[in-house]
Every structure is written in C-alpha cells, then in structure tokens.
Amino acid sequence: MKNLLLIYLLLFSIITQSQNTAYRGENEKINSLVHTKLKVAFDFNKSQLNGEAWITLTPYFYDTNTVVLDAKSFDIHEVKMNSKNVGYTYKDNKLTVELGKTYKKTEAYTVYIKYTAKPEEIKQKGSAAIQDAKGLYFIDPLETDPDKPTQIWTQGETESNSCWFPTIDSPNQKTTQEIYMTVPDKFVTLSNGLLISQTKNADGSRTDYWKMDKKHAPYLVFMGVGEFSVVKDTWKNLAVEYFVEPDYKDVAMDIFGNTPEMMTFFSNLTGIPYPWDKYSQIVVRDYISGAMENTTAVVHGEGAQQKKGQLIDSNDWEETIAHELFHHWFGDLVTTESWSNLTVNESFATYSVYLWFQYKYGQDRANAHMYDDIQVYLQSSSEDKDLVRFYYEDKEHMFDPVSYHKGSAILNMLRDYLGDEAFFEGLNTYLTTHKYGTAEAHDVRLAFEKVSGKDLNWFFNQWYFGNGHIKLNVSYDYNTINKTVTVNLNQQGKVFSFPISIDIYEGKTKKRHDVWVDKTQNSFKFSYETQPSLINVDAKHILLAEINDTKSLDNYIFQFNNATHYLDRKLALEEIVKHQQTNKEAQNAVVKAFKDPYFEIRVFALENVDLFQKYTKKDIIEKIEYLSQNDSNTLVKAAAISVLGKLIDPIYKPIFTRGLNSESNAITGNSLVAMYQIDKPAALKALNEIDDDVKNEISEAVTTIYITENDKSNLPFIAKNLLKGMFLSQDARTQQLYAQAFDWIAGSDNKEAISNLTDDFVTLGKQYKKYNFDKMAVNMLNKMVYTQQQTSNANKDELIIILKTGIAALIE
C-alpha cells in the first residue's frame, strides 16, 4: 500500500500502547535447536495438518533432562525418543518432554512427535496486523469460491510457526530443516532451500522433499501450496523463481525481473555474496501482511500481481521486493536476538529501498522515498518510543514506523556521519561476525566502532536507546556594517547532539559551513561579501528533524532555481505554487518545474499550475500540451492530459482519443475523464467498450464518471472502489463525490454493493488495525446500519445482517 494511505491512517491513530510493562529481553536459551525434519499432509476438509516431526537439539549450556517445545493447538498422538515412548505433558500450548536422561551441552538428542495441527482453533495476535496469527492458512480449501484459487501458505513471524510444527519458537534459535510435503498432484509446492525430489503416490498425491542445509530462525520456515505458474530466472548459477497465478505469468518478469540485479547490488554493497542456495518469490491470496522474508522463499500479498498497464506507469511493489531481499542479509543471515532489537532486521531492510533507488534511479528518487518515509514516522504519534524497546505491551507493537521508517532515517544519518567507506565496511563486519547467528543493536555499534575507530555511544544512546527527534527553530541576525550573519539554531524540547550543514549563497556562489549543535541555543556567525540570497540550513537534508525556518517568497524562488537537492526544489515549489495569482516569478518557477529532472516534481507542477491567473497562459498551455505527448514518463503525460481536460476545450479531443488507446493505465484513465468533460457521449461509449479487467485497473476514473453520472446501476463497482477515493484522494471535489456515493450505498437495497463495501471495510480495518482504522471502519458501518434502519427497503433486515457481520469481524 502506498505511503499516502499509511499517512492518512496514522492521522487517526490513537496510541494506547504503554511502555510501563514487563521487561522484554532475549528469551533464555536452555536447549538449542539443531535440525528440524517434518513430514506433513493436509486435511483440506478440516483445514488441518497431520504431521510428524523429528526435532534435534542440544542443551545450550547447563545439563538438562527436559525440553519445552511450543506447539499451539495440537492434538499430540505420540512422543518418542529412540523409537520408545517417553513421558510428556501438554498444557497451555507448551509440550514438555521428559528426555529419559540428563544431557550435557555437547550431546545431541532427537524427539519424535506425531501430531495434528488445528490452526482454525488458534486465537493470537500476529505481526503486520494479522488479527488471528494461525501460522497455517487454508485459502478456499473446499474449492467453493470460483473467484479464488485454493492455496495453503504459512506465516511465522513473530511466533506462529509453532501453530503447525513443534519448535522453540524464538528468534534467537537457529535450525536447518527438511520438509516432506504431501499434496494433491495438481499443486505446486514451495519451501525453504532446495527441492530434492518429487514422488508420486498411489492415491494421486505427490510428496515433495525440500531441504535447507543452512541455519535460520524458526519463524522463517515456510510452506506454500497451490496452482502457480513458475517463471524461472537465474543469478550466478543459482535458481531464481517467481511463483504467480497463471494470469500473471506473462508479466512476472516485469514485476520481479530486477531481482537478479538487486542480488548483485546488495552482494557488492555488503561485501557478502547472496548467502543462500536459491531465491524464490511467491504471490498468494488473502495474505494481508504485505510480504515476508522467509529464507529463500519470500511470500508476497496479491498486490504484487499487477497488469501491464500498471507496470508501465510504476511497479508499486518494487520497494517491497528490495526490502524482502535485503532481509536475507539483515534478518535471515543475522537475526535479531529479541523482538526488542527488531531494528537490526527492519530498519536495515527499510533502508535498502533507499539504497536501491539511489543506485538504480538516482539521488532524487532515493531522497523522495526517504522524505516520504520520514513523514510516515512524523505523523505516527510515536515520538515517545525508543528504537530499541525493552518495555512494550505486545511484541507485535514493535512492527511500527519507529522500527521501520525512523530506523531507516537513523541509518542514513549514521552513514553520512561515518562516510560511505566506513559505513559499508561496518555492515560487512557486522554480518561477517554474526552470520547464521543472532545480534542486537549494540553489535551494530561495535562493528561500526571497530571499523571507524570512533566512539558511537553518544549516537546510539540518543537515537537507538532514546526517543524523539530533532526540533529546530531557525532565526538570523544580520550585521550589515560588519557584513556578518548569525544563524541561530534553537532546539525545542529534547536536546540532541548532531552535525549540520549550512549553505550560504551570495548570488549563485555557495559556501558550505559544517557546524556542531549540542545545546538548546546555538549560534554561528559567518562573514559575507554581499547580502546572502539564501541561507539553507540542513542543506544535505540528512537530519531526522522538524525545522522551522521563516523564508520569504523570494528566498523560495531562489532556492528552487539554485539549490539542487530534491527537497530544496520540492519544498520551495510547495510554497511557490500558492503565489501564482500575484507574482510573475512564482508562475515562471512553476513553469520551469515542467522541465525538472525528476518526474514527481514535474507532476506536482502540473497538478498545481494556475491557468486562471492574470498573466498570459498561451505559452504555458503549449508546454503542457507538449508534455502530454512527449514526456518520457507516463505519469507526467497523464498529469498533463488531466490539466488539458480541465480547460474543457474540444481542440484537445485528438489527444484524449489517442490517450484512450494508451498502454498506460494513468494515461487511459485521465484521458477518459478529460474526454468526459468535453464529449460525454464519446467518453461513455469508450467506457462501455473497455473490458472489465481494464476498468478495474483504472477504477478511479471509471468510478468518478459513474458517480458523476449518478449511475446507480453500477453501485457494486463503485462500492469496491469507494474507500480509495474517500481516503486516498487529496482532491476535495473527489472526496465530496465519493462521500455522496457512500450515502447512496448506505441507503440502497443493493446487496452486492453493501457486501462489497462491508468486505473492504473489514479487510482494511484488519490490515491497518494498528493505526485504528478498524475503529473508523466500525463507526462507518454502524452509520450504514442506522441508515438502513431508516429506509423502507424490503431486504433491509438482510442488509443489516451483512453490515453487523462486518462489524463483528472487526471487533472480535
């Protein structure tokens, strides 16, 4: 999901988590996993797993005669050692096995367990807003839903794999593994490691044998089953595979095709070649956790599956692909020893997207991504949370914008402070020291200190073991007689220590001053020859900070024209567009932005250009028309077409007609809306000729037209896309239109529309539960219940049951 939705949801977040809870350190290690061997078969009728497990362990240090295994909601049939029954107790999802003798730390032993796993009986929270972390998920197991394939997949993080096999379900354990999976012969399987053999059985089933020779954490063990097309790729003689639904086979390379290049890039960056035997990625249905870095077998939610028209505009899943791959170094190769130290997994994986964008697409793309990430953190009401948290209510609360987005920004500051050479050598030292093991945040510090020779306690104390972020008020005192300017940097609230860069422009000549801030009030005096045109504080835009700096419109225009950082241009332009009615130079700056090297700046300029100001607009419109046909980026072309559509001038009909035949969804959608504004019959005729798949891909444009047309015959389609318009759009008129459609649906007798909207509320409510979207969804569904109660709809009782079922699903 795009950051915009996440930011919106964060605005509704009510922070209820308390840090005044028990200390959450690393789990005690009494026994150590060595090897896990599983034989599993699936009962599709009951959504259960019948399994046999051989768990090999050793005492960690002290002698022991028992082992306690996590086994959630099992029926235990047998427990043996050396083919003999042994004593055991099974209580509170813990299986305690009597070993029959006392083992020393050098002695290995194997426990055999025959069991049935019953995931549908489990009630526990899981990471990434999974409400019931069942570990093992059966999707349409009885094949009753014609729109959904039958699949099985697992989700282990945080501690849910013990819902389908017995283990010590803790991130500080590591195990090798073997899995024999027996499935109907029509299904494809995927697990960690390599597929060693496939054996067809007399009953029409098939047993696939997967083997993983390198140690990894229990939560990373994975199984996937279903009817997938497997698209094969390679990296340095290793198999790289993409498991997708058959309809997406032809675009799998467009979605995942950068993976081998990412593997090369991350291998070179860390100095450690990709450390596993293969790399597979699988896309499954109803996977609401986004994606998961299961070692060599990454699972993605169905949002990864995009059509050609979407991918031409933007592969919205590329950052997720990079994130999960980088976890194979940070998280899989070296794993957090405790959920309190989740930053050593998630902050690095989040930062990898910045690194990949910087390498692949340039600094502007990377800086835009970092800015968006920082906004997610700043708007998350998380200022009171440390990055490393030993006190939290629930381990699932660690998966938040602090561990991800803030942690990424902190790594970017550390990289800037140390320099690239020391930073990346430090990553290599950390990974090499702890490979196939576990680590904590102090290990990251020690690795960077070893490489750089610098003491970094001050940095880690304030950023890893402290909370908040920098807040600065900036002011200037000029002495025109002495030709000096004093830059005052006053910290608000918590006092941080940090380096900061200040650029002073005398005309187009820039001089950079690097200074150190460590007090509440900090003043720095600089000489100048001519009155500075601009003083740019935090010129590198590295700091995780809110900076209040009063600038004039002239300052912003100068900044846009002369300062080169993406944020210098973006933030200046955001102010400049407000003054086009009264300032010719502001208008000129907006038009200049049409040629900005970064496409998002060009799009922003087009979306905010004022064609109804007092200055001449003919030349501006000609430039917009040129962009609509010739820009290298389809999103810029689409934005330009949208501007032309608002002119309501039939002269542009040929452009819109061509746009309707574009491969780009963005161009097609905007051309449809633009055509609708000048020739409704032609637009509606074109809309009727578009096939349903394309309509779903350009749903915003189609939904907007349906609502504008007051077309209640298409309420089910509108309902499926309503929430995107209500919560994603930043356009006030669009929000008003979609709110009107919500009222239609709320009072309608259309069962399909009511069901579609209810389903979307439930899905998003569960997916974004940690941002309290579930509460908002419940409120809106209750509003719909009240509306139905006031209607005379013949089927209102049935509709109210649908709505109340949705409410119950959100509050259970």
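Predicted model: local features only at pLDDT ≥ 70, side-chain atom pairs only at ≥ 80, totals over all residues.
Local features need pLDDT of at least 70 and side-chain atom pairs count only at pLDDT 80 or more, while totals for chains, interfaces and linings use all residues. Residues are numbered from 1 along each chain as its sequence is written, and side-chain values use heavy atoms, with hydrogens and water left out.

**View A. The second largest cavity holds about 30 Å³ of space.** A cavity is a set of points, on a 1 Å grid over the protein atoms alone, where a 1.4 Å probe fits but cannot get out. Grid points are joined across faces, edges and corners, and a volume is the space filled by probe spheres set on the points. The count of cavities of 30 Å³ or more is 2.

**View B. Lining of the second largest cavity.** Lining residues have an atom within 4 Å of a point; here they are I255, F256, G257, N258, T259, M262, N315, E318 and I321. Helix 2 (252-256), helix 3 (259-270) and helix 5 (318-326) each give two or more residues. Helices (H or I, at least four residues) and strands (E, at least two) are DSSP runs, numbered from the N terminus.

**View C. The second largest pocket has a volume of about 890 Å³.** A pocket is an open set with protein on both sides within 12 Å along at least five of seven lines. Of the 34 lining residues, Y371, D538, H541, L567 and L571 are the closest to the centre of this pocket. Elements giving two or more residues include helix 7 (363-378) and strand 28 (534-537). Helix 7 supplies the largest share of the lining, 7 residues.
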